Amino acid sequence: MLVLKKLLRDIPAVLGLVIILTVALLAIFAWQIAPHPEQIYGTNILRRLRPPSADHWMGTDALGRDIFSRVILGARSALIIALGVVGLSMLIGVPLGLYAGYSRGFGSSAVMRLADLFLAVPQLILALAVAQLLSRGLESAMIALSLTYWPFFTRTAYSETLRIRSSLFVEALEGLGASPLRIVALHILPNIAAPLIVRATIGMGFMILTAATLGFLGIGATPPSPEWGLMVAESRQYLPQSWWYAAFPGFAILLTVLGFNLLGDGLRDLVDPKLRRSR
Amino acid sequence: MILFLIRRLLLVIPVLLGLLLLTFVMIRMVPTDPAAALAGENATAAQIAAIRTDLGLDRPVVLQFLSYLGQVLQGDFGVSLYSNRAIGADILQRLPATLELTFVALIFAAVGGIAIGTAAAVWHNSWFDHLIRLVTVAGLAMASFWLAIMLQFVFSMDLGWLPLRGRLPTGMTPPMAITGLYTVDSILTLNGTTLWASLRHLALPGATLAFGGLATVARFTRSSLLETLQNDYITYERAVGFPRWRIVLPYALRNSLVSPLNQIGLLFGGFISGAVVVEAIFDWPGLGSYLVGAILTADFNATLAVTLVVGVIYALVNIAVDLVQGLIDPRIGKDL
């Protein structure tokens, strides 16, 4: 509880938490909250490209759909992709990192060299290459992003495990005859959870950005689904007349990623006070 | 130092070999049989078999990998499945455009970031500092494609100040190709008009690409300078009566630049991948727009060739960053 109290004193982090909770609520109750749920997929050419008004807060798009409602539903796919990718990457990356950090020998260095290999190319480019080999769609984008993001968790888990591994309590457990699996899962994992959570929080924001980029390039979500990156891509040909079409989905990305970054920074300050960003 | 360079270059070889293996495996993982795809729908089994022998697909996988390795080492990445042109030549022709854009963005990010970070540290906890903190945090959260489109909207469409896309206005002949970088070539051939035109075309894509990096550099400069300013020698200089700008600019700033410069080096790799999106939006004829084109036309050979080339650039840049760090901070240099 002391941790929570400290976190609540950090105003930017609290702001980030508020943003994330708001976005999560919008995502869960998207259909109930959206002012025009029937206009998320329902098109009406007579209403097309209306500027923001009292009825359509963010205007309407080229097919006459309500942009505000679509942005709200877009929060759902953004969070699902980010949660899915971060979850899957942790599922692959953390056990590998634990294994490489705890066991010494050939397997350990093989795992780390494999991780280095995936880190030898910028993540977006590798993800683009993998996504192309799979069929188009949201699932392929998620798989491609996870396949290229796991090494970051492996690196974190590896270096933290190495640090904990030489502690006295691990030696004591070994002396008592605890199995390696038991030591790693029950004793080391809880001790390295904090840095992993920080990584995951910052990774959520990063994944929302990257997934939106894939959608923008036409590799992630497919029309007519309301995905933020895809919406910005669709809006390009209606500039400069319909500025609201491009502006609001992008603003939603900015705000959501900002929330995760602020919370991630706050959590990192808690876990590692040496990295405090400001005095 | 030279020993270090050789050792680092040797260490790169296994990584590049692994990368080659990765791209090779990825080519093999393509769900469609390339021979069947090339032969067309009405081909007989014999025709497909003939093409397979022709492409060497019937040989053992290990031999296939070795011949792939031999080709790549000669700069031969095969032909594009879409345009039937040699991929290696295409990449070589487009590389200078990407490098020019990346270097300009790097200069933007370095100069702007260090200047803003220094100002924020000098007047720390003022309204200016808070404003900069807000902008830098937002800068890291902004999708570059959105920023690019918003900048295009404001500066090209609405105000009409800067060109919308491309490297030069249509109809203007590019300067004589010496380096392939239009700005450098214009200076070398003393052509003021092309220089001005290419700079104007660089402004928006360069600024888009630089924005996130500028935020990072500013944050690191600010925190590092604040730390330096708390040293005893700064207090001493202040007591002696040096004016503030003389304490900050030559003495404190020089001692605070190690971590920002390290960040600038790391940015280079990020910019190369960021260039993919920026180039696609500004129709910049570089490696990034080539990659996007290859992906949209399902041109596997070209995609993987670009991935490989970027991997090589990335590795070389990392070595260069380590070397520069050693030059700036001799304490690190001694360990190299």
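Reader: Where is Val130(A) found?
Author: Val130(A) sits in helix α6 of chain A, residues 123-133, where helices (H or I, at least four residues) and strands (E, at least two) are DSSP runs numbered from the N terminus. This is a predicted model, in which local features need pLDDT of at least 70 and side-chain atom pairs count only at pLDDT 80 or more, while totals for chains, interfaces and linings use all residues. Residues are numbered from 1 along each chain as its sequence is written, and chains are lettered from A and ligands numbered from 1 in the order in which they are written.

Reader: Buried or exposed, that Val130(A)?
Author: Val130(A) counts as buried because it has 21 C-beta neighbours inside 10 Å; a residue is buried if 20 or more other C-beta atoms lie within 10 Å of its own, exposed if 12 or fewer, and partly exposed in between, with C-beta atoms placed from the backbone.

Reader: And which residues does Val130(A) touch, leaving out those up to four places away in sequence?
Author: Val130(A) touches Ala144(A), Leu147(A) and Thr148(A), a contact being two residues whose C-beta atoms, placed from the backbone, lie within 7 Å. For Ala144(A), which is 14 residues from Val130(A) along the chain, the C-alpha atoms of the pair are separated by 5.4 Å.

Reader: Stepping back, how many helices and strands does chain A have?
Author: Chain A has 12 helices and zero strands, and its C-alpha trace spans about 75 × 45 × 35 Å along the principal axes. Of the 279 residues in chain A, 48% are buried, and of its contacts with a separation of 6 or more, 70% are between residues 24 or more positions apart.

Reader: What about α2(A) and α4(A), at what angle do they pack?
Author: Helix α2 (residues 11-28) and helix α4 (residues 67-102) of chain A pack at about 105°, with their axes 7 Å apart; the axes are lines fitted to C-alpha atoms, for helices over the stretch in contact, and the angles run from 0 to 180 degrees between N-to-C directions. The two helices are therefore roughly perpendicular to each other, given that angles under 35 degrees count as roughly parallel, over 145 as roughly antiparallel, 65 to 115 as roughly perpendicular and the rest as oblique.

Reader: Which residues make that contact?
Author: From α2(A) come Val23(A), Ala24(A), Leu26(A) and Ala27(A), and from α4(A) come Ile72(A), Ala75(A), Arg76(A) and Leu79(A). They divide into seven nonpolar, no polar and one charged, where Ala, Val, Leu, Ile, Met, Phe, Trp, Tyr, Cys and Pro count as nonpolar, Asp, Glu, Lys and Arg as charged, and the others, Gly among them, as polar.

Reader: Over to chain B, how many helices there?
Author: Chain B has 15 helices and zero strands, and its C-alpha atoms fill a box of roughly 90 × 55 × 40 Å along the principal axes. Buried residues account for 38% of the 336 residues in chain B.

Reader: And how do α5(B) and α6(B) pack?
Author: Helix α5 (residues 87-122) and helix α6 (residues 127-141) of chain B pack at an angle of about 140°, with their axes 8 Å apart, and are therefore oblique to each other. The contact is made by Ile116(B), Ala119(B) and Ala120(B) of α5(B) and Phe128(B), Asp129(B) and Ile132(B) of α6(B), which by class gives five nonpolar, no polar and one charged residues.

Reader: What is in the loop between α5 and α6 of chain B?
Author: Asn125(B) is found in that loop, and Asn125(B) has a positive phi of about 65° although it is not a glycine. Asn125(B) is exposed, with 10 other C-beta atoms within 10 Å.

Reader: Where does Asp283(B) lie?
Author: Asp283(B) lies in the loop between α12 and α13 of chain B, and has a positive phi of about 50° without being a glycine. Asp283(B) is exposed, with 12 other C-beta atoms within 10 Å.
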